[in-house]
Amino acid sequence: MGLVEGDPKILGVWGMRNDQHTGRTRVPGNREGTWDGFWTLLTRYLGIYTVLWRNSVMREMSFKLNFVLWIVAEMMWFALQLCFMNVLYSHTESIAGWSKWEVVLLVGCSHFIQQLFTALFLSNVTELSELIRTGRLDFLLLLPVNARFLISFRKVDLGAFVNAATAVGVIIYALIQLNQVPRIVQVVVFLLLCLVGTFIHYSLVFLLATVSFWTVRAQGIIWGYYNLFNIARLPDTAFRGFYKVVFTFVLPILLVSNVPARWLSEKSGSLASVGLLVVMALACFGMSEAAWRYSLRHYTSASS
Amino acid sequence: MRKYLHVFEIGLQNTLVYRVNFLFRAAFGLIPLAGTLFLWEAIYSGKPAGASVAAYSLSQMMSYYLILTVVDTFTVVAEDDWQIAADIREGTISQFLLRPINYLGYRLSLYLAGRTIYSLVALIPAGLFIIYQREYLVGPASVELLLLTIPATLLAGILQFVMAYATALLAFWVLDVSTFIFIAFAVEYLASGHLFPLDILPAGIQQVLHYTPYPYLLYFPVGIYLGRFSWPQVWEGFAMQCLWVCIAFALARWVWSKGIRKYSAFGG
């Protein structure tokens, strides 16, 4: 990228620092822990997030062609996945108890969650190793904002929201083919479950990203996570043994989109797995927070 | 020729640094592979015992993916296209214009060196995985076909490289080629047989793909190993593969000569 494109990392940070809004609402130290303090804190962080959003919109709009091309590229990969399933189902009626349109629904859910994750977190988290390597992390640590918040939310990828919308289109089409009209409660819970799934992706990638505190070239490990997106869209009942245990209870990728898809299509066994999904999400976040704090304690800057 | 051998040696030493990265990459790559295998197992278990899908038995289908992994390890273009684009964008390509070395030859030497190291590293996890799945692995259809898999893999690698090279040269015209690389990769992923063997597709689509270079990037060598082709088809396949390599080389040279006229050496 370099300076030609207006290095987004620098823009993001400077946009923050120069903006008057961030300094406006300061939290009085003695009120922390009370409800009042909580609301001040919340509005302050929401204020910061608004500024970060505005920055992202401006940045994305300065590369319009690229913006559109990325959307096209992601759509092609989505079409590819659907095509794969279509070819499989041209040779079989059901896979491990899932019918064709149930699997299409699942692929749609998986894409929806993955795109939400991309929109909100992906580039931020993968850039952590770059921040460490260049020493720019120091700069972020000095700001009077929670450092993890800033690292995780610096940029928003707007194109991914467009792709998430195409995924919604596919989900609706699959529901029509399945002849199902979900109730309002079902849709609301489904959306919440998708957010929980996004949160699991985020926690796991963040956990992997903290490895970059210890080795300079952790990029490969983080991108390795891309492979895990690939199994999130496969029906959970196809898996057995050790593999299933690992990807349910250690890296709960098989829960991320299977649980919301089951919930929406009213496939059996959804209620217990909803509980499991939430518990695993909290566990993953806890792990990533522990790794983050531990790494930060052992952080010696790269630049000085 | 000697200077390219030298580049090859330097490439070996440079990529050796990334061996741990390669190991992770290869190991992570086995996760979706195992996922696909589970999916196929589930499909076959839903059918009567001994049933086949488009003339593939369960072990043949599983072997398709296992052999594909090996061929892919030998041929995949990993970092080369990104590096080429970066060379152009950052102006480092200027030095090649001044030296008596051909950039395509230079890059090809680096690609071959990178593949050598990557294969040596990646075959450890891949080999262990294949041993673990050995009950499904079918042997080559015959010794002759096994031997023919080798040149087919080599040509597939060169074709993959030259196509990626030509795509990366778009960096002469656009600032960020990564989107083009991703779109090209998506097409290739499907049409080269990476997702599934191409002969399970409807006949019409197979016919269309037959006239594109894509089947010769992966499907052809794997298909030879599994004995999916008759002898006339094998020889025709080799002829087509060679033809596409020549076309890709000509195209790459043409794009290069156009691009170099457009090039204005930012920061160089």
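Okay, so contact here means heavy atoms within 4.5 Å. Keep that in mind, and keep in mind that this is a predicted model.

Let's start with the two chains. By that contact rule, 35 residues of chain A are in contact with 37 residues of chain B. Put together, chain A and chain B bury about 3300 Å² between them, with 77% of that on carbon and sulfur atoms. On chain A's side, the residues losing the most area to chain B are Trp77(A), Phe84(A) and His91(A), and together they make up 19% of what that side buries.

What about charges? The rule finds one salt bridge across the interface of chain A and chain B. That's Arg240(A) with Glu41(B), where the closest N and O atoms sit 3.0 Å apart.

Which helix of chain A gives the most to the side touching chain B? It's H4(A), with 13 residues.

Now, inside chain A. The domain assignment gives domain 1, 1–62, and domain 2, 64–297. Here 20 residues of domain 1 of chain A are in contact with 22 residues of domain 2 of chain A. The two domains bury about 2000 Å² between them, 68% of it on carbon and sulfur atoms. Salt bridges across that interface: zero by the rule. Polar contacts: three residue pairs, both at pLDDT 80 or more. On the domain 1 side, H3(A) gives the most, with 11 residues, and that side splits into 12 nonpolar, two polar and six charged.

How values were computed: Residues are numbered from 1 along each chain as its sequence is written. Chains are lettered from A and ligands numbered from 1 in the order in which they are written. This is a predicted model: local features need pLDDT of at least 70, side-chain atom pairs count only at pLDDT 80 or more; totals for chains, interfaces and linings use all residues. Side-chain values use heavy atoms; hydrogens and water are left out. Domain bounds come from an automatic or database domain assignment. Buried area is the accessible area (1.4 Å probe) that two parts lose on being put together, summed over both. A salt bridge is a side-chain nitrogen of Lys or Arg within 4 Å of a carboxyl oxygen of Asp or Glu. A polar contact is a pair of N or O atoms within 3.5 Å; within protein, one must be able to donate a hydrogen and the other to accept it, and residues adjacent in sequence count only if both atoms are side-chain atoms. Helices (H or I, at least four residues) and strands (E, at least two) are DSSP runs, numbered from the N terminus. Ala, Val, Leu, Ile, Met, Phe, Trp, Tyr, Cys and Pro count as nonpolar, Asp, Glu, Lys and Arg as charged, and the others, Gly among them, as polar.
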